[in-house]
Amino acid sequence: MAIDHQSLYFSYEEFPFVAPPELSGKGSRHGVTIVGAGPVGLTAALALVRQGVSVTVLEDEATLNIGSRAAGTARRSLEILDSLGAAERLVDKGVAWTKGQSYYGDKLVLDFSMPVLDNVKHPPMVNLQQCYVEQYILDELSKSPLATVRWSSAVKAVENCGDRVKVQVATPDGDYELESDWLIACDGARSVIRSSLGLRMEGTSYEGRYIVADVRLATDLPPGRRVWFDSAGNPDSTIILHRQPDNIWRIDYQLRDDEDSDRELEPERVRSRIQTFLDSVGIGGPWEIDWVSLYRAHSLSLKNYWHGRVLFAGDAAHLVPIFGARGMNGGIDDVFNLAWKLAYVVRGVAPPALLNTYTEERYFAFQENIRNANKSTKVMAPPTRGDLLMRDAVLELAVEHEFVRPLLNPRQSAEIFLRDSSLREPGDTTDGGLAPGQVCPNIKVSVMTDGTAETRYLHELLGPEFTVLVQRKADGMMPEWPATMHGLGLKTIYVERAGDTPGLCHIRDVDGAVAQAFQLMDGGAVLIRPDHHVLGRWREGTPDVVSAALRRVATWQ
Amino acid sequence: MSASALSLDELEALWALLAERITQAETQSEVLLTKLAVLLANEVGDYQRVLDCVNAASKDQRPVKRSV
């Protein structure tokens, strides 16, 4: 399959098709098969590999996805990819941003900043074309002998057969059948696997359409999210502008209801509209188009992400409106939640019932994402006449009246607090510290190595399995904690305060950041899941209470 | 008039409620909104404040149109 897109900035490699053993009748049963080598599928593969699980990835194309697509990587995704070893190049290459402006015509109606925390590692949002994100994850995955990616391998059908799933795969050298214990469907919005199993997503599809274009353009506009409502560059409609690396700018402009999608996708028409927009905002100089696509907003989801031996993630499981960057980011969060649970099931240290918590937690996350994304959609593509009237009234009032401006806030993707998860341990604390279900913050800590302190970030200390943070007792006693409980790995990190005798613990809480985040008392403990969510927090964190919590996970019913 | 007397949650709920009622009212939405204005004015109970609101709402902030 030849690559028919000549990118202005990215060198798309054509990955060769390698005939698999199944084509010569020598195939063996696979443990975990992942369908789709987009950012979600590749993250799933990398997260499972980090858990020691072998994976086979099937991808119908011979290269990475074309175009910027999911161009915003949120802090939570950066944290996840960082813990998998794939974030450093992403952050180095990407364009971090924290601010944004919205204009009604040429009048400023919103000037917002996302909170920047000095003691956490990553910025709230980094703009980077999806192809780079995929490349960086793939490069990391390629280092592992546990992962195989089969390019030009299109899944045509799947069938649940008791303790396995049968997968029909079409390749340039012919079709074959693959058997796998488990399959993760990361095959996107038009998931063949979803259709093959006769599953339908439920929810709402919106009428509003956006043309999405990547344009190479040299301008010194600073990074940030800029939106124009009803501007001279797109009258009666909306434009969003984002800076990406390589002098590529992402321009999303809304089509009016009376405009024909096919005509508006014609290159001359796209060029004309972008030129009008650039003229209207005073951006001069030469520019050229790299990639164009059409987007329509959806709020749709499967009710259950686990069917037989098939688990759904990302756009194959749910679709959220583009506004606020919750698509790819939600998908990455999905598979980070899933990977450790599936790894435990594959390794036989937890029962398959644990996978019920994947649907429970990630369907909840979908609802949280949709709650915010739908508010953004009412502003960016009002779905009803009433919403359109309200949006226009708010825009008019926002020129002079500050109180309505928060309604125009884009509500960018943020981490999800799994507040109702049945996996949470109630613990014995109600003091306002980090609650079970919240994500452990990736704060700066002082790590003691051979008696000397070194600054690190907390997530760098967490293990791929469970981690318990234990606050040293006032008497200096630190009980021994086992390295496994009920077959589940457990890493212990001792924390000491600045006033304690130095050097006895892993973390010396010099500035009190750990104490502030966790409200840890002497002998208190926080149990952190492999996906960074807090499982439980105790005032008296004995091995017995943590053992009981882990026994619950290892015997989940 | 810029200070918010409503929380963001309340403003969002108001948006959702009004958008729903306006959409349902179809051609009668102007009457709906006018009745709402009169009812709210009576609730405010201060003619000068109501007058200030009417004047603020009357300001036309729409962008000047230019042809594409």
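**View 1. Contact between chain A and chain B in the predicted model.** In this interface, 28 residues of chain A are in contact with 25 residues of chain B, contact being heavy atoms within 4.5 Å. About 2500 Å² is buried between chain A and chain B, 60% of it on carbon and sulfur atoms; buried area is the accessible area (1.4 Å probe) that two parts lose on being put together, summed over both. The model is predicted, so local features need pLDDT of at least 70 and side-chain atom pairs count only at pLDDT 80 or more, while totals for chains, interfaces and linings use all residues. Residues are numbered from 1 along each chain as its sequence is written, chains are lettered from A and ligands numbered from 1 in the order in which they are written, and side-chain values use heavy atoms, with hydrogens and water left out.

**View 2. Salt bridges and polar contacts between chain A and chain B.** The rule finds 3 salt bridges across the interface, each a side-chain nitrogen of Lys or Arg within 4 Å of a carboxyl oxygen of Asp or Glu. One of them joins the side chains of A:Arg411 and B:Glu12, at 2.5 Å from N to O.

**View 3. Helix α2 of chain A and A:Ser77.** Helices are DSSP runs (H or I, at least four residues), numbered from the N terminus. A:Gly85, with a positive phi near 85 degrees, follows α2(A). A:Ser77 lies in this helix and has a relative accessible area of 2%. Its side chain makes a polar contact of 2.6 Å with the side chain of A:Asn329. Leaving aside neighbours within four places in sequence, A:Ser77 is in contact with A:Asn329 and A:Ile332.

**View 4. Cysteines A:Cys186 and A:Cys161.** Over all chains the structure holds 0 disulfides, a disulfide being a pair of cysteine sulfur atoms within 2.5 Å. The closest cysteine sulfur to that of A:Cys186 is in A:Cys131, 19 Å away, so the two are too far apart for a bond. A:Cys186 is buried at 9% relative accessible area, whereas A:Cys161 is partly exposed at 23%.

Technical notes
A polar contact is a pair of N or O atoms within 3.5 Å; within protein, one must be able to donate a hydrogen and the other to accept it, and residues adjacent in sequence count only if both atoms are side-chain atoms. Buried means under 20% relative accessible area, exposed over 50%, partly exposed in between (1.4 Å probe, protein chains only). Helices (H or I, at least four residues) and strands (E, at least two) are DSSP runs, numbered from the N terminus.
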